[in-house]
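I opened a new page for this structure. My plan is to look things up one at a time and write down what I find.

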Amino acid sequence: MQDLLKEIRACDVCREHLPLGPRPIIEAVKNSKIILISQAPGRVVHESGIAWKDQSGKKLREWLDVDDETFYDPANFAILPMGFCYPGKAKTGDLPPRKECAPLWHHQVFEKLENVKLKILIGSYASSYYLPKSKHKNLTEKVSNFDDFLPEFLPLPHPSPVNRFWRIKNPWFEEKMIPEVQQLVRKIL
């Protein structure tokens, strides 16, 4: 696993498309229990080199009901974005993750993992990629019908502050679903 992570962290396949250059963000060990499959690191994470060390990460840890020590233990959570590098800024939020990463690297990482209990799909890019044949057409439908994808996958919205309006429009998510998510994570950990 460590050799593969070293190879991924040295990847520069899409260098010419990255405004800040490549800095692949990934964490995993062969016995990681929960895989966090998200979109791509933001600028703050790119600069620090620490996955989810931003406002989105703070909200995600709150949703999962885990502290920093638990979250950053790769035996608990592997971090496997759809795009490993910061893709740049869009009009609202960041650009979509680069399309090269997931097909190039994800299957190789999964082959090394021996103890995965759950893959949490964070945001529409991860859900669309891993649940392409779902009868639920958009992220809201996938999240509200999360039981359809268990025990392998758990779709969640992205915890970005940009998505606060989605959370306001869908109060059931934090009121009813998050307690179930927390119970599931506790059971796995």
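**Ground rules.** I am working with a predicted model, where local features need pLDDT of at least 70, side-chain atom pairs count only at pLDDT 80 or more, and totals for chains, interfaces and linings use all residues. Residues are numbered from 1 along each chain as its sequence is written, and side-chain values use heavy atoms, with hydrogens and water left out.

**Record.** I checked UniProt. Its unreviewed entry gives the feature "domain: Uracil-DNA glycosylase-like" at residues 25-182. UniProt positions are in the numbering used here, feature names are shortened, and annotations may be inferred rather than shown by experiment. I then looked at that stretch in the model. Over residues 25-182 the chain is 40% helix and 10% strand. The end C-alpha atoms lie 25 Å apart. Helices (H or I, at least four residues) and strands (E, at least two) are DSSP runs, numbered from the N terminus.

In what order do the strands of the open sheet lie? I read 2-1-3-4, with 4 strands and parallel pairing. The edge strands are strand 2 (77-79) and strand 4 (153-156), each pairing on one side only. From one strand to the next, the twist averages 20 degrees. For pairing, DSSP must find at least two bridges between two strands. I also noted a general point: strands of a sheet pair through backbone hydrogen bonds, either parallel or antiparallel.

**Strand by strand.** I followed the bridges next.
- Strand 1 and strand 2 are joined in the parallel sense by 3 bridges. I35 stands opposite A78 in strand 2.
- Strand 1 (residues 34-37) and strand 3 (residues 118-122) run parallel and share 4 bridges. I34 has L118 as its bridge partner in strand 3, and I37 stands opposite L121.
- Strand 3 and strand 4 also run parallel, with 4 bridges. Here L121 stands opposite P155 in strand 4.

**Faces.** Are the side chains of strand 1 buried or exposed? I34 and L36 on one side, and I35 and I37 on the other, are all buried, and both faces are covered. Strand 4 also has both faces covered: F153 and P155 on one side and L154 and L156 on the other are all buried. Buried means under 20% relative accessible area, exposed over 50%, and partly exposed in between (1.4 Å probe, protein chains only). In a regular strand the side chains alternate between the two faces of the sheet.

**Aromatic rings.** How many aromatic pairs are there? I count 9. Rings of Phe, Tyr and Trp (its six-membered ring) pair if their centres lie within 6.5 Å; planes under 30 degrees apart count as stacked, over 60 as edge-to-face and the rest as tilted. The rings of F71 and Y72 have centres 5.0 Å apart and planes at 85 degrees, so I logged the pair as edge-to-face. F71 is buried at 0% relative accessible area, while Y72 is partly exposed at 27%. Y129 and Y130 have ring centres 5.0 Å apart and planes at 70 degrees, so this pair is edge-to-face. Y129 is partly exposed at 37%, but Y130 is buried at 18%. Ring pairs also link W63, W166, W172 and F173 into a cluster.

**Charges over rings.** I looked for NZ of Lys or CZ of Arg within 6 Å of a ring centre and within 35 degrees of the ring normal. R61 lies over the face of F71, at 5.2 Å from the ring centre. K119 has its charged end over the ring of F110, 4.7 Å from its centre.

**Two single residues.** E141 lies in helix 7 (residues 139-144) and is partly exposed at 31%. Its C-alpha is 9.8 Å from that of P155, 14 residues away in sequence. Leaving aside neighbours within four places in sequence, E141 contacts K135 and H136. Contact means heavy atoms within 4.5 Å.

L150 lies in the loop between helix 7 and strand 4. Its relative accessibility is 27%, so L150 counts as partly exposed. Not counting residues up to four places away in sequence, L150 touches L118 and L184.

How values were computed: Axes fitted to C-alpha atoms, helices over the stretch in contact; angles between N-to-C directions.
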